Amino acid sequence: MMKKLSAHEHKQPFKGPFTITRVQPGRIFGEETDDLAFGPLSVIDHAVMKKGLTIKMHEHVNDEIFSYVWQGTMYHRDSAGIEKAVSNGQLMMMNAGKSFWHEEKVGLDQVEMLQIFVRPRETNLEPMIQFHEKTSIAFDWYLMVGPENSDAPLKVRQNVFIFDAHPKKGDSLDIPFYEGLQQYLYVMDGEITVEGLKIGKFEAITNIGNPLPTVTATENSTVLLFFVDMNAAMSMAGTISGLRR
């Protein structure tokens, strides 16, 4: 059964120079439950940060945090002693584990990005941070994140895969399939259609019990595709990923 998560269903816990549209992926099921995650895929924070903003050094525990910058440049500093500029095509994964601190600054250009929070397979793993520069920013699917035993350039300590793609207006995209994992497609920007159903910016779609069919871009678009083990063992102790609602 096809399910769509509409933009009007999201909350905004922060507004102003730092605005977060908080996507709780489990809302796509259309039921008010005690836990609004989609398996271990807990939260997608779609953030806009104005120029000159500083998000001061703060701690995360037991969060697997994938940072996906779409526009602008974010200046990262952390408790591992790393300072790095992160912009479009440069990917960052913070595996917070038992404790990880970071700070983010914005320079002269506004930043629009996603911070994606995944629940790790267990509590209090060792903290680490990973970076990857994409070899292409293209129409077709690019594998960015996957489990520790996968070929993905960034590792998440969970049975989750994350791809992106950048179809132009009129392009059609076939959706890959992983046996035993549920697909979840999020529109970062633009608009796509699936069997006549429109999915725009801030919106998502899944197909319970069946693979997603081919999608067509009605505008130049950026989309993220998740594969999620809905029955995975997971820690509920995360600073953000452990939130149920």
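How many bridges join strand S2 to S3, and do the two strands run parallel or antiparallel?

1. Two bridges join strand S2 (residues 11-14) to S3, and the strands run antiparallel. Strands pair if DSSP finds at least two bridges between them. Strands here are DSSP runs (E, at least two residues), numbered from the N terminus. The model is predicted: local features need pLDDT of at least 70 and side-chain atom pairs pLDDT 80 or more, while totals for chains, interfaces and linings use all residues. Residues are numbered from 1 along each chain as its sequence is written, and side-chain values use heavy atoms, with hydrogens and water left out.

2. The hairpin of S2 and S3 has three residues between the strands. Gly 16 takes a positive phi near 120 degrees there. Phe 14 stands opposite Ile 20 in S3.

3. Ile 20 returns in the largest pocket, where Phe 18, Ile 20, Asp 45, His 58 and Gln 115 lie nearest the centre among 16 lining residues. The volume is about 250 Å³. A pocket is an open set of points on a 1 Å grid over the protein atoms alone, where a 1.4 Å probe fits, with protein on both sides within 12 Å along at least five of seven lines; lining residues have an atom within 4 Å of a point. Volume is the space filled by probe spheres set on the points, which are joined across faces, edges and corners.

4. S3 (18-23), S4 (41-49), S5 (54-60), S10 (100-106) and S11 (111-118) each supply at least two lining residues. The lining divides into nine nonpolar, four polar and three charged residues.

5. Asp 45 also forms a salt bridge with Arg 22 (2.8 Å, N to O). This pair links strand S4 to strand S3, 23 residues apart. Both Asp 45 and Arg 22 are buried (under 20% relative accessible area; exposed is over 50%, partly exposed in between; 1.4 Å probe, protein chains only). A salt bridge needs a side-chain nitrogen of Lys or Arg within 4 Å of a carboxyl oxygen of Asp or Glu. The whole structure has 11 of these.

6. Asp 35 and Arg 119 meet in a salt bridge at 2.9 Å, N to O. Asp 35 sits in the loop between S3 and S4 and Arg 119 in the loop between S11 and S12 (128-133), so the pair ties together parts 84 residues apart in sequence. Asp 35 is partly exposed at 23% relative accessibility, whereas Arg 119 is buried at 0%.

Conventions:
Helix = DSSP H or I, 4+ residues; strand = E, 2+ residues; numbered from the N terminus. Nonpolar A, V, L, I, M, F, W, Y, C, P; charged D, E, K, R; others polar.
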